[in-house]
Amino acid sequence: MKTPLNLLKFRIDIFLFLGMVVLSLHSMTGDMPHEWLGVLFVPLLIAHLYVNWDWLVYAVGHFFRAKTSLRVRFNLLLDLLLYLTMGIVVLSGILISRDFLFRLGISIPNDGFVSYMHKRSVLVLFALLGIHLGMHVTWIWNNFGRYISGTKGKDEK
């Protein structure tokens, strides 16, 4: 049976959210689990981008059109900032990793700047993520109710 797109998006988003929660508990998980969970988080980001690609193409293509809503423009800019910030978080996290790079046979000296960038970009990421979740709260709420209650939406038959 084919998984409806909204259900797939919802599942990916749930895993992204839970992943962010676990990754934010670095002091409880320690370095090695934090690093490897961060690496495993990247395919989820790519999957999120993939299942939302149609909207992204639409928003980019309509950004400068007069009839495009401010909400669509704001969402696009917010999403671009989120992906840029997430890229900085992931790249800086890889550069300061102890276990992941070691297992790949790579050694990069850490002067502290990259660690500083990682910590600061994580703070920016969480702020942007809060705004992103707030912008999509109706979709989240509707789909949470739909998939928890078992009722079928318009894209499911």
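Biologist: Is Met28 buried or exposed?
Modeller: This is a predicted model. Met28 has 68% relative accessibility, and the cut-off for exposed is over 50%, so Met28 counts as exposed.

Biologist: Where is Met28 placed?
Modeller: Met28 is in helix α2, residues 26-29. Met28 also belongs to a nonpolar surface patch with Ile14, Phe17, Leu18, Val21, Leu25, Leu133 and Ile140. Together they have about 670 Å² of accessible area.

Biologist: Which helix gives the largest share of the nonpolar patch?
Modeller: Helix α1, residues 5-23, with four residues.

Biologist: At what angle do α1 and α8 pack?
Modeller: About 105°, with the axes 11 Å apart. The two helices are therefore roughly perpendicular to each other. On the α1 side the contact is made by Asn6, Leu7, Lys9, Phe10 and Asp13. The α8 side includes Trp139, Ile140 and Phe144.

Biologist: Switching to charges. How many salt bridges are there in the whole structure?
Modeller: Two. In one of them, the side chains of Arg98 and Asp31 meet at 2.2 Å, N to O. Arg98 sits in the loop between α5 and α6 and Asp31 in helix α3, so the pair ties together parts 67 residues apart in sequence. Arg98 counts as exposed at 60% relative accessibility, while Asp31 is partly exposed at 30%.

Biologist: And which residue does Asp99 meet in a salt bridge?
Modeller: Arg103, at 2.9 Å, N to O. Both lie in helix α6, four residues apart, about one turn of the helix.

Biologist: Is Asp99 buried or exposed?
Modeller: Asp99 counts as buried, at 14% relative accessibility. Arg103 is exposed, at 55%.

Methods:
Residues numbered from 1 in each chain as written. Predicted model: local features only at pLDDT ≥ 70, side-chain atom pairs only at ≥ 80, totals over all residues. Heavy atoms only, no water. Patch = residues over 30% accessible without salt bridge, like charges linked within 9 Å, V, L, I, M, F, W, Y side chains within 5 Å. Areas by Shrake-Rupley, 256 points an atom, 1.4 Å probe, with all protein chains shown as cover. Salt bridge = Lys/Arg side-chain N within 4 Å of Asp/Glu carboxyl O. Buried < 20%, exposed > 50% of the residue type's maximum accessible area, 1.4 Å probe, protein only. Axes fitted to C-alpha atoms, helices over the stretch in contact; angles between N-to-C directions. Parallel < 35°, antiparallel > 145°, perpendicular 65-115°, else oblique. Contact = heavy atoms within 4.5 Å.
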